[in-house]
Amino acid sequence: MVHNPAHAAITALALPLVEAAGLELWGVELLGEGRPILRVYVESPSGATIEECAKLSRQLGLALDVEDIIPSAYILEVSSPGLSRPFFHLEQLSAYVGQAVEITLREPLPEFPRRKKFFGRLSDVSGDTLAMLPDDAAPDAPPVLINWDNVRKAQLVHIFPQKSKGGPKKAPAPHAPKLEE
């Protein structure tokens, strides 16, 4: 995935602050022009708390202002990757094999000449390639192989369990007594 030229400098500045807070740097996004949005995603085994993100945001904001990496005004967001987590490195996907993902490509694949977006189950991560089974593929279709260099955006898709319709039934409402006239 290609990044803004300031990306490496922002990552280098953020990494020691994130690690000092006892967190892991999941990824960095710098989006837009004019007044860009800088998103810094952090993770921890127990999950990054709002307080940890707020403290890191203050520290990182001060460091960014001192270093002047982003020359214009910007919006800084520090958060956990969340349920629909974006992936920044192919290695991050390995822990999510078998789960639903959405992949947006830079260029269509030869076998799908007009398609850049795929939704389905991640089936493998190997070398610089991921394999997925698109939801709209035939049941016996082979996995789609995608080189990580062709990935514009990759994210986990959280699927909420459906509520069963066969649960306990509500008792019928009692009948209101008839009023005599």
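Two strands count as paired if DSSP finds at least two bridges between them. The legends below describe a predicted model.

**View 1. Three strands make an open sheet.** The strand order is β1-β2-β3, and the pairing is mixed. Strands β1 and β3 stand at the edges. Each has a single partner strand, so one side of each is left without a neighbour in the sheet. From one strand to the next, the twist averages 15°.

**View 2. Strands β2 and β3 run parallel.** Five bridges join β2 to β3. In this stretch, I37 stands opposite I75 of β3. Strands of a sheet pair through backbone hydrogen bonds, either parallel or antiparallel.

**View 3. Two helices meet the sheet strands.** Helix α1 covers residues 7-20 and lies across β1 and β2. Helix α1 runs at about 145° to β1. Helix α2 spans residues 50-67 and packs on the sheet, where it touches β2 and β3. The direction of α2 makes about 145° with that of β3.

**View 4. R39 and E29 form a salt bridge.** Their side chains meet at 3.7 Å, N to O. R39 sits in strand β2 (residues 37-43) and E29 in strand β1 (residues 24-31). The two residues are ten residues apart, and the pair links distant parts of the chain. E29 has 19% relative accessibility. Buried means under 20%, so E29 counts as buried. R39, at 24%, counts as partly exposed.

**View 5. R39 also pairs with E77.** This salt bridge spans 2.8 Å, N to O. E77 lies in strand β3 (residues 75-79) and R39 in strand β2, so the pair ties together parts that are 38 residues apart in sequence. E77 is partly exposed, with a relative accessible area of 32%.

View 6. The side chains meet at 4.0 Å, N to O. K117 belongs to β5 (residues 117-126) and E102 to β4 (residues 100-105), so parts 15 residues apart in sequence are tied together. K117 counts as partly exposed at 48% relative accessibility. E102 is partly exposed too, with a relative accessible area of 22%.

**View 7. E29, R39 and E77 belong to one network.** Salt bridges that share partners join these three residues. A search of the whole structure finds five salt bridges, including R39 with E29, E77 with R39 and K117 with E102. Side chains of opposite charge can pair when their charged atoms come close.

Terms used. Residues numbered from 1 in each chain as written. Predicted model: local features only at pLDDT ≥ 70, side-chain atom pairs only at ≥ 80, totals over all residues. Heavy atoms only, no water. Helix = DSSP H or I, 4+ residues; strand = E, 2+ residues; numbered from the N terminus. Buried < 20%, exposed > 50% of the residue type's maximum accessible area, 1.4 Å probe, protein only. Axes fitted to C-alpha atoms, helices over the stretch in contact; angles between N-to-C directions. Contact = heavy atoms within 4.5 Å.
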